[in-house]
Amino acid sequence: MSASSLFLCLVGLGLFSFFFGRRRIHRLATGASQKQHSRDVYHASFLVICATFVPIVLLVIWTGISPLVIDALLESFLKARANTASLGELSVMIAKTKAYYAGSISAAFIDDTIAEATNYYADLVAHSLQARSFAVLLLAIAGVGLGVRKIALRFTARHSVERVAQLIMLVASAIAVLTTVGIVLSLIFETIRFFATVSVTEFLFGLHWSPQIAIREDQAGGSGSFGAIPLFAGTLMITFIAMIVAVPIGLMSAIYLSEYASPRLRGIAKPGIEMLAGIPTVVYGFFAALVVAPFLRDGGADIGLTLSSESALAAGLVMGIMIIPFISSLSDDVINAVPQTLRDGAAALGATHSETIKQVVLPAALPGIVSAILLAISRAIGETMIVVMAAGVAANLTANPFESVTTVTVQIVMLLVGDQEFDSAKTLAAFALGLVLFFITLALNILALYVVNKYREQYD
Amino acid sequence: MTEFRQTEARKAQLAKRYRAEYRFKAFGIGAICTAGLILLFLMGSILISSLPAFTQHYVTLDIEITERHIDTQNLANSDWRGLARTSLRAQFPEVQGRRDKRALGKLLSIGASDDVRDYVLANPSSLGTKIRLPVTLSDDIDLLLKGVIDRELPENERVVSNQNLAWLDKLVAEDRISRQFATKIFTNGDSREPELAGLHGALVGTLWTLLVTLLASFPLGVMAAIYLEEIAPKNRLTRIIEVNINNLAAVPSIVFGLLGLAVFINFFGMPRSAPLVGGLVLALMTLPRIIIPTRAAFAAIPPSIREAAMGVGASRLQVIMHHVLPLAMPGILTGTIIGLAQAAGETAPLLMIGMMAFIVDVPSDVTAKATVLPAQIYMWANNPERAFMARTSAGIVVLLSLLLLVNATAIYFRKRFEKRW
């Protein structure tokens with residue numbers, strides 16, 4: 001049975017056991033002298049849990065694990081039959097076997113070994129499915145049987161049900177941690193494999209990035225080089241340009257909105273600026289690549305500047321626009337959190353409104369603003385679509401914002417999009433870049449938290 | 001008692017301070033105006049460049065549906081293209097020679113044959129008769145008629161040749177050219193031809209993906225929030241989980257794509273380009289964005305509600321399920337809708353797992369190859385044909401309208417059900 005039909009079976013069994021359990025406790029209760037501990041619905045739910053909980057867990061685990069086991073078995077089978085040690089050949093044979101099994105290649109393309117392996121593979125798959133259905137249904141029926149015996153008037157069904165519910169909730173909140181662990185592990189695992197072919201120092205400090213890998217040994221210019229400094233430099237430049245745009249506009253509009261603006265203006269302008277945050281990044285990318293970049297190039301040509309059509313300037317400017325609402329809403333919050341008494345005190349000393357803001361409010365809000373800027377930087381570094389669409393692809397170590405540069409995220413996309421074999425250094429490099437990206441953004445977030453916690457004054 | 005005197009120096013200083021005040025205020029107004037103008041410019045430029053894509057020019061042809069082109073037994077595989085071209089040539093009896101005839105045929109879109117076929121399939125009685133039917137023109141001709149391609153340009157800079165222009169003018173003079181709303185943009189799947197490319201496949205793909213995201217992230221997010229806010233003891237473990245969730249919300253989206261590629265596709269062997277994997281990746285991304293507002297919604301419920309329920313003998317879980325959760329539901333739904341809207345606009349992680357393939361068919365389930373709206377926009381934006389720029393902008397307009405609608409729903413929910421305690 002397929003996983004979905006098994007699941008449907010379990011759902012049906014669950015429904016049945018709910019009504020069955022409710023009837024049973026109802027029967028026991030009618031005319032009994034003892035008082036019932038839990039309400040009917042808990043007894044019914046208890047039976048549902050007995051019937052479905054363990055089988056569903058088994059179903060999920062089996063479905064997740066069995067392909068891995070079957071693949072390993074198939075690999076050892078082919079290894080024994082074909083007497084080949086080459087991993088590449090083996091993986092081609094495995095792919096062929098699976099394709100033939102799935103019916104996507106015709107019999108003309110396979111030899112006897114593959115045919116045999118396909119039979120073996122089909123056997124394994126069929127047996128695994130049979131065993132899974134058998135085990136799951138057996139456990140479910142056994143669960144109902146055992147559960148029914150426990151249902152009794154004084155049985156504390158509510159406690160059992162609540163314990164299971166709490167367990168499920170704990171697991172749900174652990175998923176977040178599992179995700180982080182998954183990210184770190186998968187990135188580190190692939191990165192270690194990458195560093196088996198390229199040294200760490202070359203990656204982190206090398207000045208040359210051209211991830212072409214030789215298909216043949218003797219190919220000219222085939223040796224890829226993985227020095228990531230040009231990528232880091234490009235990312236920094238675009239982030240810097242973005243910040244030059246975003247910090248003044250975001251900060252000044254936050255100050256004006258929280259200190260000067262009438263409630264009416266605030267009611268219009270604040271959602272307006274936040275609308276910028278709701279626009280998908282692919283839209284900004286389109287805007288940067290097809291509106292801003294040609295505009296800058298033509299404008300630059302008019303005043304005698306040569307701008308690349310994928311200039312860092314265009315990507316940076318548009319990324320800055322994207323970041324504006326981020327800085328303005330975070331700064332707005334911290335400026336509003338500065339107590340009014342501070343402003344009143346400054347006004348009483350004869351300071352003008354802007355003097356109050358510059359000399360009292362902003363210093364008091366500074367830790368929050370700095371942390372907002374740090375978060376914005378982390379956001380800009382990890383931003384992908386704008387730079388993929390508007391920045392360059394070729395790694396270019398330059399400090400000229402009119403030239404085209406590339407960034408870490410662009411390279412990750414370029415290395416992974418399209419057909420790829422999973423073992424080449426080229427693919428693995430993307431994971432190494434992802435790891436760097438993950439740790440830089442993590443460090444910036446932690447730093448932002450630290451700044452707020454360390455330097456914030458407690459006024460109340 | 002000292003006398004306060006307005007000396008010249010004081011006056012000058014005061015004026016300077018007031019000037020600084022005005023400057024500062026002007027900077028503030030300038031910043032807001034800049035942001036507003038940018039928003040207007042962005043929206044305006046996209047809206048204007050999208051307009052051509054919402055209409056399409058057709059040429060009305062007299063088509064004789066004869067046995068010469070049509071195999072009545074096998075209508076689907078008949079020579080509809082030849083029929084459309086022959087009918088066009090009938091308008092221009094003076095055109096002779098293979099090359100000219102072929103150039104004439106190029107006025108029509110490849111989709112013109114589909115127009116004829118669909119009409120005949122819908123009206124079988126038209127077999128053997130002569131019909132008048134508007135059929136799709138090719139993208140370059142369409143752009144020329146819309147004025148996007150300037151007809152005053154010299155011939156070698158213009159995509160449309162002088163010969164084509166003359167033919168076209170004749171058709172216009174005969175009043176055979178009509179402009180209609182381009183329904184194909186909503187009913188067709190993707191195509192290499194701009195005039196035929198539509199968003200139907202991408203819209204359905206987005207729906208499938210978001211369905212998976214919702215089913216995976218909503219229950220998990222709400223359960224996690226209940227646990228962390230209402231049940232968990234305040235200890236080291238829950239503190240770690242909390243910090244983790246906040247950090248997860250700040251991880252760049254592309255890293256989630258890498259996770260999906262390494263874990264879902266390479267480790268578990270799930271299919272590439274499928275809404276299932278895309279939805280799961282987006283679910284992991286959306287999870288913290290649901291947990292955080294849900295926790296805020298729980299925290300906003302006053303403790304007196306919980307105490308009253310406990311006072312009449314409810315267990316902790318009963319308090320949550322019967323009282324706190326229903327009361328927090330509007331806040332939870334608002335947070336979920338906003339989280340899903342963000343997920344709907346996400347592109348980068350989906351590129352990693354191959355949801356940007358060229359897919360003509362409309363996906364039929366969550367394991368079929370599919371693409372989503374933002375990825376479709378990205379692919380169209382990479383197309384060199386000029387007409388695709390309008391198509392891309394139109395895609396963006398559709399995406400933004402959808403997001404606006406979704407967010408407006410969220411705001412409505414909040415306003416309608418919000419309770420002040």
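Two residues are taken to be in contact if their C-beta atoms, placed from the backbone, lie within 7 Å. Among contacts in chain A between residues at least 6 apart in sequence, 73% join residues at least 24 apart. The model is predicted: local features need pLDDT of at least 70, side-chain atom pairs count only at pLDDT 80 or more, and totals for chains, interfaces and linings use all residues. Residues are numbered from 1 along each chain as its sequence is written, while chains are lettered from A and ligands numbered from 1 in the order in which they are written.

Chain A holds 15 helices and 2 strands. Helices (H or I, at least four residues) and strands (E, at least two) are DSSP runs, numbered from the N terminus. The radius of gyration of chain A is 31 Å, whereas a compact globule of 460 residues would have one near 23 Å. This radius is taken over C-alpha atoms, and the globule rule is 2.2 Å times the number of residues to the power 0.38. Along the principal axes, the C-alpha atoms of chain A fill a box of roughly 85 × 80 × 35 Å.

Of the 460 residues in chain A, 40% are buried. Gly267(A) lies in helix α8 (residues 263–278) of chain A. Gly267(A) counts as exposed because it has 11 C-beta neighbours inside 10 Å. From Gly267(A) to Lys35(A) the C-alpha distance is 60 Å, with a sequence separation of 232 residues.

The two chains meet through 64 residues of chain B and 67 residues of chain A. Elements giving two or more residues to the chain B side include α1 (8–50), α8 (200–231), α11 (275–299) and α16 (386–417). The largest share, 17 residues, comes from α1(B). By class, this side has 47 nonpolar, 14 polar and 3 charged residues. Here Ala, Val, Leu, Ile, Met, Phe, Trp, Tyr, Cys and Pro count as nonpolar, Asp, Glu, Lys and Arg as charged, and the others, Gly among them, as polar.

Helix α15(B) is mostly covered, with 9 of its 9 residues buried. Among them are Leu373(B), Tyr378(B) and Trp380(B). The buried residues of α15(B) pack against α9 (281–302) and α13 (385–390) of chain A, together with α8, α14 and α16 of chain B.

Within chain B, α11(B) and helix α13 (residues 316–344) have axes that come within 8 Å and cross at roughly 145°. Axes are lines fitted to C-alpha atoms, for helices over the stretch in contact, and angles run from 0 to 180 degrees between N-to-C directions. The residues of this contact divide into 12 nonpolar, 7 polar and 1 charged.

Chain B also has an open sheet of 3 strands in the order β2-β1-β3, with antiparallel pairing. Strands β2 (130–136) and β3 (177–181) of chain B stand at the edges with a single partner strand each, so one side of each is left without a neighbour in the sheet. Two strands pair if DSSP finds at least two bridges between them. Strand β1 (residues 55–64) of chain B is joined to β2(B) by 7 bridges. Thr60(B) stands opposite Pro134(B) in β2(B). Helix α4 (residues 112–122) of chain B packs on the sheet and touches β1 and β2 of chain B.

Conventions:
Buried ≥ 20, exposed ≤ 12 C-beta atoms within 10 Å, placed from the backbone.
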